[in-house]
Structure formats: structure tokens, C-alpha cells
Amino acid sequence: MFKSGSLIFDDKKIKDFINKESNPFLKKSRNNFLKKLGEKKFNIKEEYKYTPLKQSIEKNFNLRFEIEKSISSTTEKKILSHIINDNNVYQIITLDGKIIKKFSNIPSKISFKNFDELDKKEKSLLHNHFGENDDSDDDIFSALNGVLWSKGLFVYIKKNQVIDRPIIVNNFYTSEKNIFSSQLRKFIFMEKNSKLSICEFDYSLISNNFNSNVTEIILEERSELDYFKIQNDSNNSTSFNSTNIKQKKNSISNTFTFSFSGDIIRNNLNISLIDENCYCNMYGIYALNNKSHVDNHTSVDHIQKNSISNEHYKGIMNGHSNGVFNGKIFVRKEAQKTNAFQSNNNIILSDDAKINTKPQLEIWADDVKCSHGCTTGQLDEKAIFYLQSRGINKDKAVSILINAFFDEIIQKINQNIVKDKINEILSTKIESYLNER
Amino acid sequence: MSEESKIIKEFTSKEYEHGWSVNFDADEAPIGINDDIIKFISKKKNEPSWLLKWRLEAFKTFKKMDEPNWANLEYPKVDYQKIKYYSAPKQKKSPKSLKDVDPELIKTFNRLGISLNEQKKLTGVAVDAVIDSVSIATTFKDKLSELGIIFCSFSEAVKEHPKLVKKYLGTVVPRNDNYFAALNSAVFTDGSFCYIPKGIRCPMELSTYFRINAANTGQFERTLIIAEDSSYVSYLEGCTAPMRDENQLHAAVVEIFAAKNAEVKYSTVQNWYPGDENGKGGIYNFVTKRGICFGNNSKISWTQVETGSAVTWKYPSCILKGDHSVGEFYSVAVTNNYQQADTGSKMIHIGKNSKSKIISKGISAGFSQNSYRGQVKIMKRAKNSRNFSQCDSLLLGNKCGAHTFPYIDVENKSSLVEHEATTSKIGEDQIFYCLQRGIDEENAIALIVNGYAKEVLKQLPMEFSVEAQKLLSLTLEGSVG
């Protein structure tokens with residue numbers, strides 16, 4: 001047994017698991033993460049100030065490492081019900097990280113594989129960059145994921161390759177409560193001048209699932225990535241996500257994080273702009289009710305000059321839900337002429353809902369324009385009255401106002417299929433808000 | 001050397017104005033802290049036994065606590081056993097009136113520009129002057145007592161008004177509140193005590209002036225302000241210290257209690273010795289300031305101009321317990337050379353319809369680090385509460401840093417909280433505009449910085465406002481590239 005923070009692990013089980021790893025590089029990498037887990041003093045108190053760890057995870061992890069070999073028909077049915085029937089998208093289905101080929105349609109020109117299927121070139125790419133760009137130094141769950149990830153997803157977009165359709169990734173998790181096997185590790189590498197749109201949905205097939213999903217993304221010069229993450233899991237899952245993006249010269253990233261449902265969701269989004277003229281947009285929507293707890297921790301690190309970052313998160317809390325937003329902006333000494341903006345707006349609909357926000361700026365360069373703004377309030381009674389006085393009933397008025405609140409962000413979605421999906425989820429959400437009134 | 005760097009050099013070599021010290025005969029405690037030292041202090045001050053017991057309890061808690069390390073500050077660990085916890089200028093006997101005060105002490109304060117001579121005083125400001133560990137003199141006492149206002153040194157209050165002290169001491173900042181508050185509770189030596197009775201509007205500004213004189217001494221003063229129903233008081237605090245190579249510790253506690261409809265305005269111009277241009281020496285300023293708006297419609301307003309200290313750790317806060325109570329915080333924090341400041345405010349909304357406002361302006365130059373750290377917490381029962389926070393930072397040069405750590409926690413649906421922050425530098429176009437109109441660069445910067453900080457400075461009482469503006473221009477002269 002060993003301890004890290006407030007978590008206790010059975011190290012024999014973990015070591016057995018690591019020893020099963022056939023790839024010597026990955027075995028070494030897992031051991032490195034294990035070392036980190038044992039040695040690092042993670043600042044759980046501050047980083048998880050508002051997210052109750054003890055409630056979500058039993059102190060002692062009951063580890064299960066086997067992945068279902070065959071898919072039962074009920075599982076299959078459930079999976080099929082979530083698949084998007086649209087020929088204008090490429091679709092990938094994973095079950096605890098393993099790509100299910102019979103449900104996926106992805107052309108061979110796109111390198112989208114599990115780690116154990118890589119060819120020689122892909123392997124060397126993975127080995128050169130894997131594990132260098134995540135937040136495992138600061139976050140205990142990222143380090144844990146580094147040791148225990150069950151399946152790896154590898155995405156490689158070649159030089160000048162422009163992917164014409166969005167790739168929809170549906171991740172299904174099957175593991176039971178406190179069984180820590182739904183651990184996904186993703187690695188996305190985009191070469192010069194490439195372009196990709198990727199949209200990820202997470203579903204747990206069993207209630208009270210605990211899953212984690214750590215992604216490393218490297219954007220080479222002039223590449224462009226749209227990354228959507230949609231969390232609308234009705235099965236009370238606890239989910240830890242960490243997306244880490246490293247951007248080189250003139251690259252663009254647009255990330256969207258949508259959280260609608262789940263027991264406890266933690267989203268880390270770390271972007272480091274290591275070169276000049278990078279541009280990143282971070283958008284987020286969280287619309288919660290019941291006892292959902294969503295914790296968005298974002299950080300953008302301006303390391304070199306002339307980069308722009310723009311962040312906008314909006315949320316509505318109803319029922320007993322709790323929203324957490326922590327946005328960090330770092331502007332290093334060399335990063336002159338940086339423009340960094342951050343904004344977080346919240347609406348609380350019920351007296352039992354809560355919001356904790358901490359917009360944080362740390363700036364060491366002087367010739368910069370940085371600002372952040374943060375508001376918490378409620379729907380404008382006057383606006384509701386105005387609409388009512390024009391013959392619109394109260395429910396309709398409320399739904400107009402909520403839609404208007406989120407519209408600013410929804411407008412930024414450049415993939416119609418995602419936009420439609422979000423609007424669809426949002427309208428059911430608004431309906432549930434109206435019913436709870 | 002370019003004009004610019006010349007100005008910078010000139011500025012950074014500018015010496016601290018109040019850096020001299022005077023040799024008085026002093027009565028001192030041996031170095032270190034233990035139960036005996038606390039008993040020594042208590043005995044020196046002829047304190048009642050309950051207070052000694054209170055101190056010892058605090059020391060017990062202090063020993064169990066760890067120094068906080070969450071602040072964005074870096075400084076060598078303080079050895080609490082190497083500090084003198086008591087130092088008092090020797091006076092022949094305790095002064096009955098101002099005439100009996102040692103002329104050397106009066107001279108010291110005159111040199112600081114603080115007149116203890118009542119007759120010559122132009123403005124109506126009552127002063128309580130504290131050197132090292134003891135209060136030297138309090139002016140205008142008689143005039144104030146006619147109205148029932150008690151304004152005296154803390155030790156005098158313990159003797160003359162023990163009931164009041166016992167009732168309120170530690171109610172706003174408990175002994176176990178934090179590390180430095182516990183230390184202060186154990187070894188506090190003097191400070192000011194102020195009591196405004198029901199319905200009285202204090203006719204003059206009350207002021208305390210703190211001066212550290214002796215070497216290796218820590219200053220641990222404690223201020224307690226009690227404003228009864230419907231009363232009003234405006235309170236000022238100023239401080240300086242001699243230039244010394246070693247760091248000195250200042251750990252004060254200020255408690256404010258505001259009853260129904262009462263209003264307390266607390267202004268500070270903090271100008272402790274900030275250390276030299278290489279970051280050597282300077283005061284460690286670890287201060288706990290908190291006020292409670294206990295009654296309905298009460299109001300507490302903090303205004304601070306922070307220009308001194310090597311390290312500042314200070315979060316003046318308001319607990320808004322009463323319905324319709326109001327808390328305000330206005331701050332200008334300037335750091336230069338190797339100064340570090342981690343300062344801000346806490347607003348805890350408990351009462352319904354309570355309102356708070358935070359305006360914080362940080363200015364960093366040289367190699368300094370300037371952080372705003374604040375919390376706005378709206379409790380569930382604080383219906384219809386309102387907060388507005390604004391914290392702006394101005395960076396002069398690219399070797400300094402500006403940081404913002406606001407915590408915002410809202411737990412009900414009817415409250416409205418807004419927070420905004422910006423970071424920028426002085427615009428070249430702004431300076432150009434001034435130059436074009438015949439204002440030289442230095443004055444242009446002073447003009448722009450004063451304009452930037454005006455929202456806060458205008459909150460200060462007149463006398464302080466002038467001093468603060470002078471201090472600002474002086475501290476930042478020529479530090480823009």
C-alpha cells in the first residue's frame with residue numbers, strides 16, 4: 001500500500017498491472033508516472049478546494065484492469081442508440097478506450113488507432129512525445145491516469161492534411177462504481193498546415209462509473225484544431241478530464257467544453273502557447289441541475305510574444321448543483337504584446353445551487369492587454385416582464401432568456417452537426433428547468 | 001546613459017525618507033518568545049490576570065500552528081526566537097499630560113511631521129503615537145471625553161475600561177484565527193482603543209501613528225474600535241520605521257465592531273521601510289484587519305495606501321452580518337525594487353441586502369511582485385446581496401509581476417456579484433499626449449498614476465490624501481520605460 005494525498009493505493013496490484021505492459025517504452029512511462037504519484041506533493045487542498053474528492057472516490061481503489069472482450073447485445077443496443085446517423089461525419093466508437101471497428105467509419109488515410117496498432121513511424125512519434133505534455137505534475141488524477149490508462153487512442157494528422165468532415169468520437173465506459181478501469185489516454189499530433197475538427201461524447205453504460213480521460217495534443221506550425229467535448233451522461237458518473245494542448249507558431253486551437261449532466265465532472269484544460277503568434281479560443285457551457293457538480297479548471301500559459309487567448313465560460317445552475325470555474329492566465333516575461341481575455345458569467349436559478357469561481361491572472365510582462373471579468377446573477381426580472389407584456393408566456397420568456405444567455409457561445413460553434421446537438425440537449429435542459437420551477 | 005535609464009537610476013537610488021533612528025534609553029525584553037516573556041510583558045503593563053491567561057492560551061495555539069505559505073510571497077523563514085517582543089522608550093514616570101512626555105520623543109514625532117502639540121495643531125486630528133511597543137501620548141483626550149468618546153492607548157484601556165476590552169477583545173479576530181493573529185494575541189504590547197458611544201458622531205479624525213525605532217524588535221500592536229448604535233468615526237493609521245539591514249517583523253491585529261446604523265471609516269497609509277534597492281532589510285508586514293458589521297445598516301469602509309514594507313500580507317475584511325450592511329475596500333498598493341505584496345479583501349455576506357465594493361489598484365515596478373487576493377462569499381441567507389469588485393494592475397517594466405487571485409463563492413439565487421480586472425501599462429500615447437502639452441515625462445507619469453489611483457485616493461481624509469499623492473509620485477518617479 002502507498003499513499004498519495006488522501007488516496008491510498010494497493011501497489012502490488014499496480015505493479016502487476018505495469019508488468020503486463022508489453023511495450024518497454026510505455027512500461028517505463030507508466031513507472032515514471034507511478035514515481036511521480038509517490039513523490040509529488042499534490043496541492044489537493046487548493047486544486048480541489050470545491051470538488052469533494054472523498055465523496056466521489058473511495059479511499060481505497062479497487063482496481064480492475066481487464067477489458068470486456070466481447071460486447072453483449074444489451075451493450076450493443078445502448079451503443080447504437082447514441083450513434084449519430086449522418087454521412088457527413090466520420091465516427092469512432094470506443095468501449096473503455098478500445099476502438100470498436102464494426103461501428104466506426106473512418107477512412108484509412110486518417111491515422112486514428114489504438115496504441116497497440118501503430119506502425120513504426122507512428123510508434124516513434126508517440127515515443128518521442130508521449131507523457132511530456134500533461135498536467136501530471138500538478139494533478140493527482142492525471143498522474144494516476146498515466147500509470148493506469150487502459151487503452152490509448154492515437155491520432156496523427158499529416159503535413160498539409162485537411163480532414164474534410166468532423167470526427168465524432170463516442171466514448172463508452174462500462175466499469176462499475178469505484179472500479180478504476182475506464183481510463184482513457186489520448187494522443188493527438190498535428191503536423192504543419194493540417195486541420196482537424198474532433199468532437200467527443202462521453203457515455204457511461206453503468207451508473208456510478210468513474211472514468212478519466214487525459215489527452216495530450218501537439219499543434220505544429222499553422223495547424224488548426226477544433227475540439228469539442230460534450231458531457232451529458234445521465235448515469236451519475238464521476239469523470240476526470242484533462243486536455244493539454246501545446247501550440248507552436250501560428251497555430252490555432254478552438255476548444256469547447258459542454259457539461260450538462262453527471263455526478264462529479266472535473267475538466268482541466270491547459271494550453272501552453274510556446275511560440276509566437278498563437279491563437280487560442282476556449283469556450284465553455286455548463287447547464288446543471290439536480291446534484292451535478294462541474295469543475296472547470298483552465299489555464300493558458302503565454303510563453304512567447306504576440307499571442308492571443310480568449311476564454312469565455314457561461315453557466316446556469318439549478319437544483320442542488322454546484323459549478324466551479326477556475327481560470328488561470330499566465331503571461332511570462334518574454335510574452336510581450338500578449339492579448340488575453342477571460343470572462344465567466346453565471347446564473348443561479350435556485351437557492352440551493354452554488355457557484356465558486358476564481359479567475360486568476362499572473363503577469364510578468366508589461367506590454368500586454370489582459371483582462372478578466374466574472375459575474376454571478378439571475379435572470380433579469382425586467383426582461384421577463386418585458387416579454388410577458390408582449391404576450392409571451394413566462395415559461396417561453398425564461399427559455400428565450402436562457403437561450404439568449406448561451407447564444408453568444410453557441411454562435412461560435414463552426415460545425416453544424418455539433419451546434420444542432422447542443423441546441424437539442426439545451427432545449428431538454430431548459431424544459432427540465434421550467435418543470436422544476 | 002539614456003534619459004530614461006537615468007531617471008530610473010535616480011529613482012531607484014532614492015532613499016527612504018524616514019530611515020533615521022533615534023537613541024533613547026529603552027526598556028527591553030530579552031530576545032525570544034516563551035511563557036516567561038509573555039508574563040514579562042503582561043507584568044510590565046500591569047495587566048489583570050484574565051488578560052495574561054488569554055495571552056498564554058493564544059501562545060499555546062500559536063505553537064500548534066504553522067506559518068501560512070499559500071501567499072504568493074517568498075521570504076526567508078522568520079526565526080521567532082530571534083525577535084525582541086518588548087521595547088519601550090524609558091520615561092521617568094508615566095506622563096500625566098503632554099507636558100510630561102520626554103521632549104526627545106516629541107521631537108521624534110515632530111521630525112515625522114506628526115505634531116503632538118495640541119495648541120499648534122491646525123487640523124482637528126487626535127493622535128495616539130506609538131513607538132515600538134508602547135503608546136507615548138494621545139492628544140485631544142479631554143475634548144473627546146466630553147462626548148463620551150474613549151480614545152486612548154490599549155494598555156490604558158485595559159486599566160480604565162476593562163469591561164469593554166474584555167467584552168470585545170478577540171470577538172472579531174479570534175486568537176486562533178491565523179498564525180500571525182495568534183502570535184499577536186500572545187505578545188501584543190500596545191495599540192489604540194477607541195469607543196464611540198451611541199448616537200455620537202466623532203467630531204475629529206482619530207489617528208494612530210506607529211513607529212518602529214529599536215533594532216531587532218517586532219511590533220505587535222492591537223487596535224480595537226467599537227462603534228455603538230448610530231455612531232460615526234473616521235480613523236487614520238500611519239507608520240514608518242528606520243532603515244536597517246535586517247528584516248523586522250510587524251504583526252498587528254485590528255478589530256472593528258460596528259453596531260446598528262454605525263459607520264466606521266478606517267484609513268491607512270502604510271509606509272514602513274521597504275528595504276533598499278537590492279531588497280536588503282525592510283519590514284515584514286503581516287497584519288490581520290477585520291471588521292464586523294454586526295447591526296443592521298452598519299457600514300465599515302477600509303481605505304489603504306500601501307507603499308512600504310518588504311513583504312506585505314494583509315487582507316482587511318468585512319463580515320456583513322447585519323441586514324442592509326455595507327462593506328467597502330479601497331486600496332492602492334505600490335511595490336518597487338524587491339518588495340512583495342499579497343493583499344486584498346474579504347467580504348463575507350451573511351445579512352440580507354448587504355452590499356460590498358472592492359476597488360483595488362496595484363502598481364508594480366522594479367523587481368517587485370504585487371498580488372491581489374480576495375474573497376467574496378455570499379452565504380445562502382444573504383438574499384439580494386450585491387458585490388462589485390474591480391482590481392486593476394499597472395506594470396512598470398518587465399521585471400515585475402502582477403497577480404490576481406479572486407475567490408468568488410455565491411450560494412443563493414438572488415444575489416448579484418460582479419468582478420473585473422485588467423492589467424496594463426502606462427500607454428505611450430498617454431505620455432506622448434502629456435509631453436505634447438509641455439508636461440515632462442516624470443510629471444506625466446505622476447499625473448497618470450495619480451489619475452489611475454484617484455478612485456481610491458479620494459476616499460482618504462484630506463490630510464492623508466495629500467500625503468498619499470505625494471508618496472505615490474515619489475515612489476514611482478521615472479520608473480516607466
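**View 1. Asn270(A) and its surroundings.** The side chains of Asn270(A) and Asp135(A) are joined by a polar contact of 3.1 Å (a pair of N or O atoms within 3.5 Å; within protein, one must be able to donate a hydrogen and the other to accept it, and residues adjacent in sequence count only if both atoms are side-chain atoms). The model is predicted: local features need pLDDT of at least 70, side-chain atom pairs count only at pLDDT 80 or more, and totals for chains, interfaces and linings use all residues. Residues are numbered from 1 along each chain as its sequence is written, chains are lettered from A and ligands numbered from 1 in the order in which they are written, and side-chain values use heavy atoms, with hydrogens and water left out. Asn270(A) belongs to strand 14 (residues 264-273) of chain A; helices (H or I, at least four residues) and strands (E, at least two) are DSSP runs, numbered from the N terminus.

**View 2. Helix 6 of chain A (residues 120-129).** Glu122(A), Leu125(A), Leu126(A) and His129(A) are buried (under 20% relative accessible area; exposed is over 50%, partly exposed in between; 1.4 Å probe, protein chains only). They cover an arc of only 95 degrees around the axis, which puts them on the same side of helix 6; the arc is that of the directions from the helix axis to the C-beta atoms. On the other side, Lys120(A) and Asn128(A) are exposed. After the helix comes Gly131(A), with a positive phi near 80 degrees.

**View 3. The rings of Phe154(A) and Phe187(A).** Over all chains, 39 aromatic pairs are counted (rings of Phe, Tyr and Trp, the last by its six-membered ring, with centres within 6.5 Å; planes under 30 degrees apart count as stacked, over 60 as edge-to-face and the rest as tilted). The centres of Phe154(A) and Phe187(A) are 5.8 Å apart and their planes at 15 degrees, so this pair is stacked.
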